[in-house]
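This report covers the core, the strand arrangement and the overall dimensions of the model shown below.

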Amino acid sequence: MKSGGLFSEYCIKDVLFKNRLGVAPMTRMSSSVDGIPRRDVFEFLVHRAKSGAGAVYSEAIVTDYESAQGYPRQSRLSTQRQIEAWKPVVHDIQQEGAVAIMQMFHCGRIATPEVNPAHRSIAPSPLAPRQNNPLSAAPYPVPDEITFFDMKHVLLGFVETARGAVAAGFKGIELHCAHGYLLSQFLSSYSNQRGDAFGGPVENRFRFVREIIQAVREVVPSDRLLLVRISNWGVVDMDVELFNKEEYQEVIRLFSKEPIDAISVSTYAYDQKVFGTNQNMAQITRDVTTLPIFICGQIHDRSSAENALGDADIVLSGKSALLNPQWISDVRQGRPLPPRRSEEANIAYTETQLL
Ligand SMILES: Cc1cc2nc3c(=O)[nH]c(=O)nc-3n(C[C@H](O)[C@H](O)[C@H](O)COP(=O)(O)O)c2cc1C
């Protein structure tokens, strides 16, 4: 475990984390047509900061009005009204001493055409996931193969949303490159079978992600953090590993050459041994990067949090932080806490148990 432990301070550049415990990004599907989350969802975030979190993530924010959206009622952050709505929330989170981080994504082939103005989905290759859409139970449509015109449009969506987050005051901006969404689809040969400069070897599959990182960095000032999130699994076709060990580590090496400030690693279970090795995902990541590492996955009480911090710099909780309003103080006091199941989190998805 790190010297000082879970409740020690940590700095990335000049951004101070007052402790090592954060609330993971969680989509809440609460926005109405204006793309602004419901008040109680905002209050949920502020409440987690008040209860002592060192970092609080937004839900995943959709990056453009064409084909990015994957779920009903998702949030956006590119109009003045949306920026004005987030400002006091970000202020209140950071007033409590937590670092507010905005995560953004494009859903790619697991977008839902019906909820997108362009009524289409786009992806690196015209391949639908095997699994049906869990919300509608219908098959996902075969996406259009993304063109160079589409790529430029998608990139601008990430840049505009990052500008919105900077204007709203977020200290961190995260590119969601995990869970089988668009950027993850580019990185993995499972979904990227292009024959051009954006497909094939890992370096080519990384090319679009690199272009987005570099364009987004231009609008994220050096006193704010730019992070990426990565995983070896996706929210559909969950049985598929997106990388082998060599590919995964190559992606991490490529990330490490870019102007980013941290890598957030998303797992089912932080301590699970992976790629047929004796190591967990954080260890496999640490072997090839010196960047700060965030880790998440079944970190539910003091001992799992301390354990996870042995291989990472910040530990995040999703379900426990969602379902237990006092999670941070319960961890601080070492209370016995149960691991949480996805079914419980689904019940608490939008309406109830927010505070
Ligand atoms: C309701 C819910 C919504 C989620 N939405 C997102 C999201 O928008 N972006 C993301 O990167 N991960 C999302 N996740 C995954 C969590 O950030 C986290 O990685 C996952 O729940 C595993 O951590 P845990 O075992 O502590 O819950 C979501 C999880 C839950 C339970």
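The largest nonpolar core holds 99 residues; such a core is a set of buried Ala, Val, Leu, Ile, Met, Phe, Trp, Tyr and Cys residues joined through C-beta atoms within 7 Å. A55, V56, I295 and V315 have the most contacts inside this core. Leaving out residues up to four places away in sequence, I295 touches V265, Y270, A282, A308, D311, A312 and V315 (contact: C-beta atoms, placed from the backbone, within 7 Å).

The model is predicted: local features need pLDDT of at least 70, side-chain atom pairs count only at pLDDT 80 or more, and totals for chains, interfaces and linings use all residues. Residues are numbered from 1 along each chain as its sequence is written.

The protein chain has twelve helices and twelve strands, taken as DSSP runs (helices H or I, at least four residues; strands E, at least two) and numbered from the N terminus. Eight strands close into a barrel with parallel pairing, in the order β3-β4-β5-β8-β9-β10-β11-β12; a pair requires at least two DSSP bridges. Strand β11 (residues 293-296) is joined to the parallel strand β12 (residues 314-317) by three bridges, and C296 stands opposite L316 in β12.

Values for the protein chain:

| Quantity | Value |
|---|---|
| C-alpha span along principal axes | about 55 × 45 × 40 Å |
| Radius of gyration, over C-alpha atoms | 19 Å |
| Buried residues (20 or more other C-beta atoms within 10 Å of their own) | 49% of 355 residues |

The radius of gyration agrees with a compact globule, because 355 residues would give a value near 20 Å by the rule of 2.2 Å times the number of residues to the power 0.38.

Technical notes:
A residue is buried if 20 or more other C-beta atoms lie within 10 Å of its own, exposed if 12 or fewer, and partly exposed in between; C-beta atoms are placed from the backbone. Two residues are in contact if their C-beta atoms, placed from the backbone, lie within 7 Å.
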